[in-house]
Amino acid sequence: MSDSLTIRRPDDWHLHLRDGAMMQAVLPETARHFARAIIMPNLMPPVVTGADAAVYRDRILAALPADMSFQPLMTLYLTENTDPDDLAAAHASGLITAVKLYPAGATTNSASGVANFDNVRAALERMAEIGLPLCVHGEVTAPDIDIFDREAVFIDRVLDPIRQATPGLRVVMEHITTSDAVAYAREAGDDLSATITTHHLVINRNHILVGGIRPHYYCLPVAKRESHRLALLAAATSGDPRFFLGTDSAPHPDTAKIAPCGCAGCFTAPNTMSILAEVFENADALDKLEGFTSLHGPRFYRLPVNTDTITLTKGAPANYPKTIAVNDEQITVFDPEFPLHWRVSG
Ligand code: DOR
Ligand code: ZN
């Protein structure tokens with residue numbers, strides 16, 4: 001087995017950059033390896049209009065170190081008040097690449113999300129017409145639905161009915177965590193794809209709960225049992241173009257993670273490529289890494305693949321920082337709890 005692997009430069013099809021000092025600290029961690037990323041709009045307040053997306057994009061570009069290049073692919077946060085004409089104009093001008101659906105209350109800063117899907121019907125129909133993809137946080141929020149069942153129930157009760165009612169709507173099932181989602185994506189046509197995070201390929205729910213609560217492994221959708229992780233791993237390493245990387249790297253200060261009511265999110269931007277190379281090698285699928293990180297995403301989003309490359313080399317375990325500093329706070333880097341022999345060397 002070779003100890004060097006050159007692949008097209010990867011993209012991250014689901015990323016939280018936040019804003020201000022936090023963005024300044026985390027943006028280089030992504031831009032170092034990734035050419036582009038789909039930027040999540042769940043700021044406080046959220047990015048809901050084309051005008052919001054334009055100023056947020058400009059803040060991202062202003063925060064980018066001068067020696068790095070990176071293209072933020074902007075999204076709008078779908079609300080019950082979203083104006084279909086504003087969506088269409090932002091899409092036509094090339095400002096936005098997708099629209100994000102958060103069911104109200106599903107996760108961090110999702111209070112403005114959708115409660116009554118009838119109120120977003122016109123927006124979804126316009127998106128189907130113009131080919132603007134919908135990125136979906138696929139969890140129901142009904143209090144009577146167990147948190148480990150929320151993704152599977154969402155597929156039956158919300159996602160499938162929306163897709164039946166809106167022919168042609170292009171959908172990304174984001175950060176899938178279950179074999180149910182893998183099966184649904186596998187049966188779908190060309191208008192559906194699914195992203196998989198780095199951390200959901202590594203952890204199952206035992207990592208969060210056995211031997212004490214591990215707040216840094218808590219994210220949403222929450223990691224499920226091992227059989228689901230194995231289904232995600234099989235999908236990611238299968239070469240099926242419907243599955244591609246969206247890290248959902250979601251930084252929070254440690255004070256917000258290690259708290260009586262801790263925030264959801266794993267910060268995987270710095271070491272994602274090393275982790276993925278290790279995971280794919282262990283699955284005997286290093287030859288499928290490039291498809292997952294660099295080819296399948298552009299194919300779905302109808303964007304060109306990146307022309308430059310990165311090279312990963314294998315050697316003594318890499319040492320990533322355990323934390324990244326932001327002002328007087330720390331953000332903990334996701335720890336896969338296995339050595340990372342692969343590093344991006346060029
Ligand atoms: O774990 C998560 N963190 N899941 C999400 O859906 C949101 C994200 C965040 O913004 O922190
Ligand atoms: Zn996210």
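Here are some notes on the cysteines and the charged side chains in this structure.

1. First, keep in mind that you're looking at a predicted model. Every distance and percentage below is computed from that model.

2. Let's start with the cysteines. How many disulfides does a search of the whole structure find? It finds zero. If the term is new to you: a disulfide is a covalent bond between the sulfur atoms of two cysteines.

3. Cys-261 is in no disulfide either, and the nearest cysteine sulfur, in Cys-263, is 7.4 Å away.

4. Now for the charges. Take Asp-85 and Arg-126, whose closest N and O atoms are 2.6 Å apart. Asp-85 sits in helix α3 (residues 84–92) and Arg-126 in helix α4 (residues 121–130), so this pair ties together parts that are 41 residues apart in sequence. Both partners count as partly exposed: Asp-85 has 46% relative accessibility, and Arg-126 has 23%.

5. Next, look at Arg-57 and Asp-58, which form a salt bridge with 3.2 Å between the closest N and O atoms. Arg-57 is partly exposed at 27% relative accessibility, and Asp-58 is partly exposed too, at 41%.

6. Lys-288 and Asp-287 make another salt bridge through their side chains, at 3.4 Å from N to O. Here the two partners fall into separate classes: Lys-288 is partly exposed, with a relative accessible area of 28%, while Asp-287 is exposed, at 59%.

7. Last, the surface. Which residues form a negative surface patch? They are Asp-146, Asp-149, Asp-156 and Asp-180. One of them, Asp-180, is found in helix α6 (residues 179–187). Asp-180 counts as partly exposed, with 37% relative accessibility, so it clears the cut-off of over 30% that a patch residue needs.

Key:
Residues are numbered from 1 along each chain as its sequence is written. Chains are lettered from A and ligands numbered from 1 in the order in which they are written. This is a predicted model: local features need pLDDT of at least 70, side-chain atom pairs count only at pLDDT 80 or more; totals for chains, interfaces and linings use all residues. Side-chain values use heavy atoms; hydrogens and water are left out. A disulfide is a pair of cysteine sulfur atoms within 2.5 Å. Patches are made of residues with over 30% relative accessible area and no salt bridge: like charges are joined within 9 Å, nonpolar side chains (Val, Leu, Ile, Met, Phe, Trp, Tyr) within 5 Å. Accessible areas come from the Shrake-Rupley method with a 1.4 Å probe; for residues, only the protein chains shown count as cover. A salt bridge is a side-chain nitrogen of Lys or Arg within 4 Å of a carboxyl oxygen of Asp or Glu. Lys and Arg count as positive and Asp and Glu as negative; His and the chain ends are not counted. The place of a charge is taken as NZ of Lys, CZ of Arg, CG of Asp or CD of Glu. Helices (H or I, at least four residues) and strands (E, at least two) are DSSP runs, numbered from the N terminus. Buried means under 20% relative accessible area, exposed over 50%, partly exposed in between (1.4 Å probe, protein chains only).
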